[in-house]
Amino acid sequence: MSFPWAENYEPKHPLMKWMDAKLPLPRLVYNAVGAGYPVPRNLNYFWNFGVLAGVALTIQIVTGIVLAMHFASNSDMAFTSVEGIMRDVNGGWLLRYMHMNGASMFFIVVYIHIFRGLFYGSYKAPREMVWLLGVVIFLLMMATAFMGYVLPWGQMSFWGAQVITGFFSAIPILGDPIHTWLLGGFAPDNAALNRFFSLHYLLPFVIAGVIVLHIWALHIPGSGNPTGVDVKGPQDTVPFHPYYTAKDGFGVGVFMIVFAILLFFYPNYLGHPDNYIQANPLSTPAHIVPEWYFWPFYAILRAFTVNWFWIPAKLWGVLAMFSSILLLFFLPWLDNSPVRSANYRPAYRIAFWVLVVDVLILGWIGKSPAEEPYVRIGQVAAMYYFAHFLLIVPIIAMVEKTKPLPNSISESVLHGEAEEAAPIGVGSAH
Amino acid sequence: MATSEYVDDPNQRPPVIGAKEEGGAGPRRRDFLNIAAVSFAGVGAAAVVVPLVNQMNPSADVLALASIEVDLSKIAEGSGIKVAWRKQPVFVRRLTAKEVSEANAVPVGELRDPETLAQRTKPGKENWLITMAVCTHLGCVPLGVTPGENRGDFGGYFCPCHGSQYDTAGRIRKGPAPKNLQVPEYAFKSASVVQIG
């Protein structure tokens with residue numbers, strides 16, 4: 001993997017030598033996240049978010065395993081058992097709030113990680129596979145989060161399950177049998193709750209597996225960097241350990257502070273009060289909204305209100321919502337610009353920030369009721385979302401005049417340092 | 001010499017499947033055994049998938065909740081009740097004469113899912129509108145079974161989730177839902193008792 005100047009693992013202790021000969025696991029770790037992995041020396045703090053996502057997944061798995069020890073996966077008992085965790089289990093409130101808000105933190109971190117990739121062209125060759133695996137992880141995360149939200153069996157759990165499994169009933173002809181098959185009944189009930197619990201426990205480990213592939217695929221070309229310029233030699237890199245373990249350690253500290261503020265001061269801020277009412281199959285809450293991390297996609301789902309051609313509005317909405325994510329699989333081939341970093345792509349840089357605003361608008365629409373003017377705004381924003389990927393990005397790639405790239409990473413970095421180190425007025429004169 | 005030995009012992013030929021004119025020496029007995037064994041294992045594996053997939057379908061106890069009886073005597077004209085059938089809500093609504101005539105006045109050809117009120121009710125009982133209380137969009141329970149709730153622009157039902165509106169025959173008139181509210185199988189056991197399912 002990676003570059004020829006990478007530090008070589010040399011065990012010194014006889015036990016480690018013995019271990020290295022039998023099962024070179026320490027060598028694997030050393031080469032993956034130790035001194036054996038050379039990383040561009042100019043990474044900024046946006047490169048922390050991959051590690052932070054790993055930290056968030058670990059928090060979810062650890063808290064999830066202990067919560068499962070107290071949860072009763074039965075439609076008669078699930079709600080009561082979650083209330084029991086909150087009131088009776090020792091420290092249960094803390095564990096559940098960690099798990100609830102940990103999911104939000106996971107999505108915040110992953111969304112920043114994805115937009116980092118969009119800004120710096122991390123999806124481009126030679127890292128297409130890293131991006132594709134990342135989209136797979138994102139889809140698995142969404143499935144896991146949805147099924148986890150159903151487990152407390154509150155009103156939003158139940159009606160969220162009803163609406164989201166209802167997507168599948170939009171499939172022509174086979175829709176209703178598939179819907180019934182997924183739920184194991186005609187509406188969400190005990191069968192659905194149990195299978196969601198089983199899968200909610202399984203999928204995080206599948207995510208962990210795909211993360212291994214994601215990192216493996218990343219370590220073949222090596223990490224990207226904010227200039228988007230390839231690594232040219234040892235002067236462009238530093239070993240992952242201790243340089244980026246330290247930098248990531250700082251990032252983890254900031255992450256933990258934000259997490260603690262959310263957890264201890266606003267534990268229900270990102271939740272919905274209706275989910276503290278037990279599921280009632282006979283009464284729909286007046287205003288159903290999914291969790292915040294699904295809002296943009298929910299807005300795209302609801303953007304279709306009339307039948308077009310022979311396809312009903314419902315199927316359009318479902319197709320649009322799924323394709324809004326599946327579209328990301330094609331991004332490496334939609335954007336043909338040879339320049340990776342938006343820092344050297346003036347037009348793409350603007351399009352990027354417009355996309356960020358567009359997704360924020362979609363999020364706001366997804367949380368708003370299905371009324372005017374929200375519906376109309378949502379339609380425009382959804383249209384723009386697709387236009388960004390299908391029209392704007394390919395066209396920019398064709399016509400944009402990019403800025404000159406630095407000759408190398410070290411030159412771009414050291415140039416700045418020479419300026420700073422020089423006396424005032426001398427550095428800029430050269 | 002060596003080639004002639006292959007011909008004598010088919011199992012010593014190189015592993016080539018194909019007729020002589022394709023350059024192969026024809027299938028060997030071992031080829032037959034390989035294909036037969038792998039095919040058999042494949043059929044076996046496919047057979048195991050069937051119960052693994054089928055276990056996801058509704059179990060016998062879920063299907064057993066298949067029919068209920070509803071007492072109609074307490075339902076006032078213009079109002080209705082919600083009952084649970086197969087764990088899903090059902091609207092049982094007694095239409096007023098005005099609501100019946102409103103439903104009949106709509107030209108059927110203009111509807112998204114064309115059906116008359118008579119097709120959606122039992123003969124002689126057109127004022128009893130019995131439908132699933134499950135919006136055909138994404139499955140929310142629409143409002144409007146009692147007069148106090150929002151009945152939408154068409155006097156029938158209004159779905160709060162995504163704004164679908166149904167008329168007094170439970171037909172979709174506006175909003176994202178593709179179909180009319182589904183009419184379950186039901187029969188009048190007597191003048192005041194109806195069996196659903």
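# Notebook: a predicted two-chain model

I started at Arg86(B), which sits in the loop between β2 (80–85) and β3 (88–94) of chain B. Helices (H or I, at least four residues) and strands (E, at least two) are DSSP runs, numbered from the N terminus. This is a predicted model, in which local features need pLDDT of at least 70, side-chain atom pairs count only at pLDDT 80 or more, and totals for chains, interfaces and linings use all residues. Residues are numbered from 1 along each chain as its sequence is written, while chains are lettered from A and ligands numbered from 1 in the order in which they are written.

**Entry 1**
I noted a positive phi of about 50 degrees at Arg86(B), which is not a glycine. Arg86(B) counts as buried because it has 21 C-beta neighbours inside 10 Å. The cut-offs: buried means 20 or more other C-beta atoms within 10 Å of the residue's own, exposed means 12 or fewer, and partly exposed lies in between, with C-beta atoms placed from the backbone.

Trp153(A) also has a positive phi, about 60 degrees, and is not a glycine. I found Trp153(A) in the loop between α6 and α7 (155–166) of chain A. Trp153(A) is buried, with 25 other C-beta atoms within 10 Å.

Next I looked up the cis peptide bonds. The bond from Ala125(A) to Pro126(A) is cis, with omega near 5 degrees. Pro126(A) lies in the loop between α5 and α6 of chain A. The bond from His241(A) to Pro242(A) is cis too, with omega near 10 degrees. Pro242(A) belongs to helix α10 (residues 240–265) of chain A. I flagged these sites because most residues other than glycine have a negative phi, and most peptide bonds are trans.

**Entry 2. Confidence and chain B.**
I recorded ipTM 0.72 and pTM 0.86 for the model. Where is confidence lowest in chain B? It is lowest in helix α1 (residues 2–8) of chain B, at a mean of 52. Strand β4 (residues 128–132) of chain B is highest, at 91.

Chain B has five helices and nine strands. From the N terminus on, its elements run α-α-α-β-β-β-α-α-β-β-β-β-β-β. Of the 197 residues in chain B, 31% are buried.

I also checked Glu110(B), in the loop between α4 (97–105) and α5 (117–120) of chain B. Glu110(B) is exposed, with 8 other C-beta atoms within 10 Å. Its C-alpha atom is separated by 9.4 Å from that of Arg173(B), 63 residues apart along the chain.

**Entry 3. The cores.**
A nonpolar core is a set of buried Ala, Val, Leu, Ile, Met, Phe, Trp, Tyr and Cys residues joined through C-beta atoms within 7 Å. The largest one has 108 residues. Ala56(A), Phe106(A), Val109(A), Ala299(A), Ile300(A) and Cys140(B) touch the most other members. Helix α5 (residues 92–119) of chain A gives this core its largest share, ten residues. A second, separate core of seven residues includes Leu118(A), Phe119(A), Ala342(A) and Tyr348(A).

Leaving aside neighbours within four places in sequence, its contacts (C-beta atoms, placed from the backbone, within 7 Å) include Trp159(A), Val163(A), Ile288(A) and Cys161(B).

**Entry 4. Helix packing in chain A.**
The axes of helix α14 (residues 346–367) and helix α15 (residues 374–399) of chain A come within 9 Å and cross at roughly 155 degrees. Axes are lines fitted to C-alpha atoms, for helices over the stretch in contact, and angles run from 0 to 180 degrees between N-to-C directions. α14(A) and α15(A) are therefore roughly antiparallel. Angles over 145 degrees count that way, under 35 as roughly parallel, 65 to 115 as roughly perpendicular and the rest as oblique. The crossing of α14(A) and α15(A) is left-handed. Left-handed means the near helix is turned anticlockwise from the far one by less than a right angle; clockwise is right-handed.

Helix α6 (residues 128–150) and helix α9 (residues 190–219) of chain A pack at about 160 degrees, with their axes 8 Å apart.

Last, I looked at helix α11 (residues 295–302) of chain A. Eight of its eight residues are buried, so α11(A) is largely enclosed by the rest of the structure. The cover over its buried residues includes α12 (313–326), α14 and α15 of chain A.

Key. Contact = placed C-beta atoms within 7 Å. pLDDT = per-residue confidence, 0-100.
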